[in-house]
Amino acid sequence: MRIIFLLLFITFSAQTHAQKPIANFANLPFMQSPQLSPSGDKFAALLAVDGKQYFFIRHISDKNTPSTTISLREYDLRGWQWVNEDWLIATIAANQTVSGSQWRITRTLAISADGQTIKTLRAKEAGQNAADVLWVASDGRPYIILSYQTSIFSNETGFWPRVDMIDVSRDKVVKKLVVPKVNVQSWYADADGNVRMGISRQDRSLKTKLFYRDSNNKNFKIKDRASRKDNESITVPSVFLADKNQALVFDDSKGYNAIRNFNISEFQMGEEVFAVDGYDVTGIRTNQAGNAIAGVTWIDTKRRYKWFDPEMETLHSNLDKATPGQSVNVISSNKAQTRFILHIGNASRPGSYYIYDKAWGALQRLAHVNEKLPAKAYAPVKTIRYKARDGVEIEAVVTIPKGKEAKDLPLIMMPHGGPFARDYERWDWQAQFLADRGYAVIQPNFRGSSGYGNKFSELGQKQWGLAMQDDLDDGVKYMVDQGIAAKDRICIMGGSYGGYAAMWGAKRNPEIYKCAISFAGVSDLPSMLRYDKGFLNGRFSNAFFEDQIENLKAVSPINFTEGFEVPILLVHGKLDKRVEVSQSKKLAKKLEKANKDIRYIEQKEGDHHFSLQADREEFLTEVEAFLNKHNPATIK
């Protein structure tokens with residue numbers, strides 16, 4: 001196979017450069033998550049137009065067919081996929097007032113490929129949740145299997161989801177597959193459309209049951225049980241294999257998530273398929289039929305792939321060789337696996353999306369991720385490791401201003417959200433903006449972060465504001481001890497959990513941080529817990545949350561406003577449904593009452609994810625002004 005690649009050459013400059021406009025970094029990704037149709041003749045993606053996001057469908061081969069652009073601004077678009085060449089489905093969420101309370105409603109949309117028809121599936125029947133797609137036909141039929149509630153009242157049968165095969169082109173039930181079963185909210189199907197498994201969760205007892213059957217014409221039987229109170233868990237297959245008795249599961253019994261075979265008939269673990277020393281395996285790539293493993297993914301310092309499919313292994317290897325210093329991520333492929341959409345970039349460049357077709361033997365660029373930042377290298381990024389005060393090793397991502405010596409720099413400590421999440425070497429628009437302004441940035445994967453196995457995760461239990469915060473402070477100490485950061489020129493900034501950490505750092509460690517910046521942060525942990533109870537299975541999520549924090553009030557910033565000694569900037573979206581805007585608003589009011597140095601910005605159309613470019617620009621503008629006042633990058 002002859003492959004010709006369009007090479008992108010990286011050039012580095014040792015000289016300083018003029019600062020880029022804020023709008024360049026705030027620019028929404030021009031394209032996100034492009035997905036090829038089964039034939040590969042079309043793709044669907046999120047597209048940014050005039051600072052807002054739209055759903056976009058475009059023909060690749062037929063240039064005369066106009067593209068389709070659909071506004072879904074009023075919805076939280078969670079994902080989409082092709083059903084056949086003529087139809088797609090999209091899962092959405094929106095807030096709705098029910099009996100005076102705000103409810104999170106989920107739905108499944110059917111979208112025709114020409115954009116002329118958009119319909120909400122089971123609109124008249126659906127209850128609160130109707131967006132759990134279990135299966136999509138692979139033979140060209142416009143069929144999906146959908147699990148959905150038909151009632152919002154827990155004393156009615158319809159509160160527990162039913163499962164139907166639905167023709168999306170007509171919004172018609174083709175076949176009823178599962179009737180509601182009390183306490184079962186999660187159903188799982190195999191690649192052939194058999195609903196094989198259901199998970200029952202009892203909110204009061206915190207007990208779980210697993211129901212199983214081999215095919216749609218069999219009855220369900222209980223296969224496994226567990227109690228949340230006893231820290232028990234059940235094994236849920238991630239992929240049902242072609243052999244009905246076999247599946248693939250994630251197993252962490254050896255300390256790190258690995259992929260193992262699983263015998264369903266005996267409900268026992270089989271041999272290990274793939275594991276990585278020191279890191280969790282994060283994903284399974286299946287074959288096009290969905291019933292065999294094709295590859296796996298994991299993250300160490302960056303995203304990695306291991307392909308079991310020889311053709312994919314060869315293709316990915318050749319692409320890596322042709323694009324040295326960059327990461328090649330396989331985003332989507334057509335059914336025949338002859339055409340692919342790839343993202344090629346690295347932590348110092350936002351990168352671009354490309355189409356690769358085996359018949360062409362070349363890469364064809366679809367779009368730069370950020371059209372305002374051309375395909376060249378920006379601030380360099382690397383992974384470092386340091387020891388926390390109790391000896392725990394912490395991995396962190398460090399960004400250094402381009403063209404500057406890594407010595408005595410102003411530093412921004414930037415913890416990630418989650419907190420069960422992690423940072424790694426990839427393009428980060430906020431870190432790159434700060435580096436462009438002359439700041440070094442450190443993003444530690446503090447204890448409790450994901451990807452490092454059970455023990456590291458468990459080290460974060462009951463450590464909000466305590467050892468998890470120590471890890472951040474120890475990261476600052478490392479940067480100072482290494483001579484990279486100036487001791488008296490350090491601020492802390494973060495979003496969501498990172499916003500909480502910034503708030504807490506402002507109160508807890510004024511001797512370390514000159515200022516703090518929080519986006520969508522949590523200031524009142526008991527209030528957050530009460531808010532989460534409004535979600536389905538609230539007690540299950542709360543039990544997990546309470547495992548992470550022992551004394552909620554003792555580590556809630558809102559209870560210690562008199563202790564805030566450094567300036568703080570609070571920014572929060574009014575439409576944020578993950579962390580309510582009141583979490584920042586109430587803290588701001590208490591700080592103002594206590595005559596503290598506080599600036600509060602409420603973004604009227606803002607959400608939890610900076611979905612609007614205008615909100616990104618406002619945020620970076622406020623951050624720049626705040627830092628220039630309290631921790632300027634250049635000493636005059």
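Reply: Strands are DSSP runs of E, at least two residues, numbered from the N terminus. Two strands pair if DSSP finds at least two bridges between them. Keep in mind that this is a predicted model.

Me: Fine. What stands opposite Met31?

Reply: Leu47, which belongs to β2.

Me: How many bridges join β1 to β2?

Reply: Four bridges join them. The two strands run antiparallel, and β2 covers residues 42-49.

Me: What's the strand order in the sheet?

Reply: β1-β2-β3-β4. The sheet is open, with antiparallel pairing.

Me: Which strands are at the edges?

Reply: β1 (31-36) and β4 (68-71). Each pairs on one side only.

Me: And the twist, what does it average?

Reply: It averages 20° from one strand to the next.

Me: Which residues are closest to its centre?

Reply: Gln81, Val136, Thr286, Gln288 and Gly290. They are among the 48 residues that line this pocket.

Me: Which elements give two or more residues to the lining?

Reply: β1 is one of them. The others are β5 (76-82), β9 (132-136), β13 (184-189), β17 (239-240), β21 (281-286) and β24 (327-333).

Me: Where does the largest share come from?

Reply: From β9, which gives five residues.

Me: Last one. What's the lining like by class?

Reply: The lining of the second largest pocket has 25 nonpolar, 17 polar and six charged residues.

Technical notes: Residues numbered from 1 in each chain as written. Predicted model: local features only at pLDDT ≥ 70, side-chain atom pairs only at ≥ 80, totals over all residues. Heavy atoms only, no water. Axes fitted to C-alpha atoms, helices over the stretch in contact; angles between N-to-C directions. 1 Å grid on protein atoms, 1.4 Å probe; cavity = no way out; pocket = protein on both sides within 12 Å on 5 of 7 lines; lining within 4 Å. Nonpolar A, V, L, I, M, F, W, Y, C, P; charged D, E, K, R; others polar.
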